[in-house]
Every structure is written in C-alpha cells, then in structure tokens.
Amino acid sequence: MLAIRRRRELANPLVFFVIVVSLFPLGVSPDKELLSQMAPGVIWVTALLATLMSMDVMFRSDYDDGSLEQLLLLPGPKVLLIGAKITAHWASIGLPLVVLAPIMSLLLYFPTHAIGSLVVTLLISTPILSLLGSVGVALTLSLRSGGILSSLLILPFYIPVLIFSTMAINASANSLPVSGYYALLGAFLIISALLIPFAVVAALRVSYN
Amino acid sequence: MKEFFAMGGYAFFVWTSYAIVAFLMIANVVAARMKRKRIFREMQELAEES
Amino acid sequence: MMQFIHKYGSPRYYYQWSKGWQKWLSIITVVLLVIGLYQGFFVAPPDYQQGESYRIIFIHVPAAWMSMFVYMVMAFAGIMALVWRIKVAEIVVGECAILGASFTAMALITGMLWGKPMWGTYWVWDARLTSELVLLFLYFGVIALHGAFDDPRTGAKAASILAIVGVINIPIIKYSVEWWNTLHQPATVAKFDKPSMHISMLIPLLIMAVAFKTYFLSLLFMRSRSEVLAREKNASWVKEILKEQS
Amino acid sequence: MSLNTSDNQLTGVALACERGGRVLFENLEFSLHNGQAMIIQGSNGVGKTSLLRIITGLSQSTNGVVSWNQHNIESIAEQYQHELLYIGHLAAVKTELTVRENLQLLMRFWPSDTNCSVAELAEFVGLRQRLSVTCARLSAGQQRRVSLARLFISTQKLWILDEPLTALDVDFIEVIENRLQNHLKAGGMVILTTHRGINLGDQFSFELNLGEYKPH
C-alpha cells in the first residue's frame, strides 16, 4: 500500500520521550520506592504525549505539497489509503516507542516482571493513539494554530486508553489476571480501526472546504 | 424564617451553589439577548450601506 | 420524511415556527422552576443523614443530566448537518456546545460545593465528578474547533464531526472512569450516591429536571434564531424582517 | 489517445460561493460539452480557484448544483472522479522522492493507459536525464512539469487545471498547448484558469468572466 517511507529521520518524538522520562527522577525524587510506584504512569503518559506531538507530521507534508488534495479526488476507496497513511505513521512513531519504552523503564526501577505487559499494552494502544490523533490533525489541518488545538481535541479520547493500560500494568505488577484489560484494549482498537478512517476522510473534506 | 436561611448550618454551600447556577442561567439569557441586538445593529448598518 | 426535514430545516421557515415555541417554552420554564424550588425547599423534609445540604441535589443532578442530554442533541444535530446538510442543524451544533458547557460547569461547581459538607474537601476523584470534568474538556474542544475557522459553515461542519466522534467515545470514557474509580476507591470515603429518594424529594427533582430541559430548549431557540439571521443576512426574507423591526 | 466520445455534459446551475461571509459570485451558469474548453477569466481573489474547487467537488458551493450528465456530482462522486483530472496550484509532487518514483506513483494511481513507460513519460516532459534526481533539487518549473506529466497518459475526459502555465518556459508551453488541443480534438473537455493568454483554437474554447457574476 502507499506507505511512503519518510526519508527524513523521525527521531524527535523518541528524543522527546527519552528526555521527559528522565526528567521525572530529577524532578520528583530518585528514591527507588516512589519511582517504581510511579513508573507505569510516567512511561505511559510520556509515550502518549510523544505520539500526540508527532501527529502533525502525518498530513502536514502532504497538505503543503498538494498530494493530499489529489488523494481526496482518487476514484478508488479513499478510506484504505487513509488507513495506510495512519499505519505508516504508527510504524514510524508508535513502534519505535514500543521498543524504547522497556529500556527507559529501567531508569525508573520499573517492576521488571511487569515490563512484558507494558510492551503488550503499548503494542495494542499505540495504533489507537495514532488513529484517534489522526482525526484531530485532519480537523485542524487548514488552521494556522492547528497543532495545539488538535491535542486539546484529542486528549479526552486518550483517557480510556491510558486508564486501561496503566491498570493492566499495575495488575500484572502484582501478578493479577490481565487478559481482561488486553481484551478491552483490543476491542477498542478494532472499533477505532474500523470507524475512524471514515471520520478522517470526512474531516479532510471539511478542511479543504 | 431565620432557620430557613440557615439551612441547618450549610447555608453557605447551598446558597452559593444556587446563586452560581442562577447567575449562569441568567447570564446565558442575557448573552442571547445581547447577541440578538448586536446582530440587528450589524444588519441595520449593512442595510444602510447597500 | 425528507421533505419534512428540509421544509422545517430551512432557515426561513425555522425562524417563523421557532418564535412561537420559544415564547411558550420560556413561560413553562419559569412556572416549573417556581414549583420545583418551592417543592424542593419547603415541602421536601431534610435528609436524615446530610441535613439540609442535600438540597443542592435539586440543581446538581438536573445539570449533570442536562450536560449529557445536550451532548446527545449536539451529536444528533451534527449528523443532521453532515448527512443531510441542513443549515439550521449546523447552527444548532454551535449553540449546543456553549449551552452544554455551561450546564457541565454548573454540575461541576455544585458537585464540588456539595462535596465540601459531605467529605470536607471540594474535589474528590469520584467517578461521576471526573467524567463530568472530561465532558467539560470535550465541550471546550468542540467550542474551540467551532471558533477556529473563519468561515462559520466549515467551523460548524468540523465541530459536527468532533461531536459525532465524541458521542461514540462518551460511554467508553464513562465506563473506564467508573472502572478506574472502583479500583482506586479507598474504602473510607463514603459512597457518593444519591441518598435514598423519598417521594417528596423525588418530585421536585423531576420537576427541576424538566424545567432545565425547557430552559435549554427555549434558550437554544433564542440563540439560534439570531444566529440564523446573521448567517442569512443577504437573503431577501431577512431584509424584510429588518424593515419591519426598524 | 483514444477516448470513448459518448456525449458528456458538465453543467453548473445557479452556483454561488461565499468565503468568510463575503459572497464571491452568485447564480453562475455554465455548460460544457465534448471538445470544448472553458477559460475562466477574472482578477485575483475574485474566486477563480474556489469555482474550480467547487466544480471538482473538493469544496461545496453555498448553493447551486454542478452536474455531470445531469447527475449531481455529489451523488455520483466515484464515477465523476474517475473521469476527472485536477491539477491545482500546488504541484502535488513528493519532494523527498526522485522523479522516477513520482512518475511511477502517478501512473499507479490514476486511470491511464499503461503501455507508456516511465522513460517515455519523462521524455514528454523533457526530464529524461533527471529521472533519478530527487524532486527537492528540481526548480519550480521542473516540478510543475512532473505534475503536468499526467496530461500525457491520462485517459480521463474532464481536465481541470489551475494556472497550468505558471513557471513554465516558453517552449514547454507550446508542448502543453498542443497537448490540450489534441485532448479537445479527441473529444475531451478542459476547464482552466490562466493569467496569460493561451491559444487553444477559438472554435474550441470560450471564456467565462467571473466579474459578471459578482453580487450586485
């Protein structure tokens, strides 16, 4: 599918993630007990913000050089193409985060046996974050101050993903059954994967109006 | 009547919340009215221009 | 069915028939408010556990119900605006966002003021208050988006999309907040649910709820009527009305 | 270039467009048949691009209907877009990719007769030697050529071009002009806006001056 590999290197969200995570021990306190208790929340919130920050890249370059316009005029199914764009974005931003998160979690004395569930929750949720984020960016594309506004619009929708994931990690930290949370996150992923692209196409059409 | 206002010691909370709600509701109505006047004035000017 | 919607949806026709409704609804609202308040303050007995402070419930709960109801109305108007392209529905979306936000703010403030006598602190991360807060964020999002576009029509369309996506997410958010709440709920804090409702307490609550609804509708008509005039300012029928008024 | 020349007709009825509260034009009428070209004239900011975008269906008109063979273009969007080629102000060229990759993209996405290879296509637009150059290093004119390459392979009937001749050097304008003429002779239809004169042969083209449809 049309997953144009971005030639420009996309490190900024990852660098952001690393820096912010290391801020917490400096900001709060380096003591082991407190940090490991906070670790799931910190890792997750930072990952969420990193994805949100990098959302703008998804359509901005295509919007500026006009190819997004052409995409809207394609006779073929536009929804698939939008889906491809979102997956391309997820692969270039979400996946590296999933790889980086466990490494960063060591800095925060992350309960080691829960790292598995950290990776799983991130794996299931980062696509949801990209999907939901794409609606916000699509809506605010034609606005000058679009970036800030799109985060304001989308953050409330991230809350359930954040809650279920952090609960799943905590549950697995004290070795409680975790499958329930994964199922919920998985269901949320499927629903948004099916519905969101349609909303994005409508949103793009509005931005071009 | 006095004990009615005392609200069993919770006077402050009960009355402030009612006051705030009343204020918000009235503010909405006033805003709607002002908006209506403003639009009419704008249209008046527009009408005079053309 | 389609002609029906387009006929009543056309700005000109909407302007006429909404005038009558608005007058009637505002009268009903005032009447209901008086009865509700009278019932609430004089007839309903003080609650055995919370004493008089529970009377805040008569505005807190209706406002909370309204904040949800208005979002549903907004999403429905959004669908009407996008799918059937009804101009009036676009205006309704914009107005609902503002009214919905004020209802949510009311619910939040009264909730906090009610929390103080009950638990000693203004803010408690309780499921209902938290989801009310998230709802407020959603409303701010819709208002901000609506205002961000210089062309009001595109603004309304964008806001409709957000409202529709929002309405799908509301149950998910509510459910996740509830679940999150039950997990972190320290046993000591008393459950924050309605005290057992004695009939004499329930009646004023319901009256107030209906009063809020009629208040919302009459205000919606009032605001959208002036917005319709603004949007259709170059239409001929608007010019006639202007002449009559001046 | 063979085009099935069943008689097609594009009409616009009582079109009006309002941008940011200001009415750009109202009750605008036009109709276009096979082999005809419509050149939209009008000073800047009078709504030329908005009119083009309304005709393509990208943006919606405040009122009025654009129809293709008597069907409203919104109801037959898929089919209409199959016949429509739109080149806007922006060159729609991916600057990170090379000329070859961009041309491949064009061929894969747009209905076109596929017996023409990328090399031949590059030949048409005179970028034969620059196939492996990334578009970022091309001049604006050359980037336009890449986007105009579609004209040489497209089997779509209706061409809508927004200022196609900008930033092109004189001899390439010749090439484009007679390409358009062939398209018209083959029964195609063209709508374009331009500042400078363009000769497509008077028997084909007629002008539409947006100034006449200003709100009085």
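**View 1. Chain B of the predicted model, with two helices and zero strands.** Helices (H or I, at least four residues) and strands (E, at least two) are DSSP runs numbered from the N terminus. Of the 50 residues of chain B, 16% are buried, that is, have 20 or more other C-beta atoms, placed from the backbone, within 10 Å of their own. This is a predicted model, in which local features need pLDDT of at least 70, side-chain atom pairs count only at pLDDT 80 or more, and totals for chains, interfaces and linings use all residues. Residues are numbered from 1 along each chain as its sequence is written, and chains are lettered from A in the order in which they are written.

**View 2. Helices H4 (residues 87–119) and H5 (residues 127–148) of chain C.** Their axes, lines fitted to C-alpha atoms over the stretch in contact, come within 9 Å and cross at roughly 155 degrees. H4(C) is therefore roughly antiparallel to H5(C) (angle over 145 degrees between N-to-C directions). The contact (C-beta atoms within 7 Å) includes Gly94(C), Ala97(C) and Gly111(C) of H4(C), and Leu129(C), Tyr139(C) and His146(C) of H5(C). Its residues divide into 14 nonpolar (Ala, Val, Leu, Ile, Met, Phe, Trp, Tyr, Cys and Pro), five polar and one charged (Asp, Glu, Lys and Arg), the others, Gly among them, counting as polar.

**View 3. Met74(C) in the largest nonpolar core.** A nonpolar core joins buried Ala, Val, Leu, Ile, Met, Phe, Trp, Tyr and Cys residues through C-beta atoms within 7 Å. Among the 142 residues of this core, Tyr158(A), Ala203(A), Met74(C), Val93(C), Cys96(C), Ile161(C) and Leu162(C) touch the most other members. Not counting residues up to four places away in sequence, Met74(C) touches Val93(C), Cys96(C), Ala97(C), Gly100(C) and Ala163(C).

Technical notes: Buried ≥ 20, exposed ≤ 12 C-beta atoms within 10 Å, placed from the backbone. Axes fitted to C-alpha atoms, helices over the stretch in contact; angles between N-to-C directions. Parallel < 35°, antiparallel > 145°, perpendicular 65-115°, else oblique. Contact = placed C-beta atoms within 7 Å.
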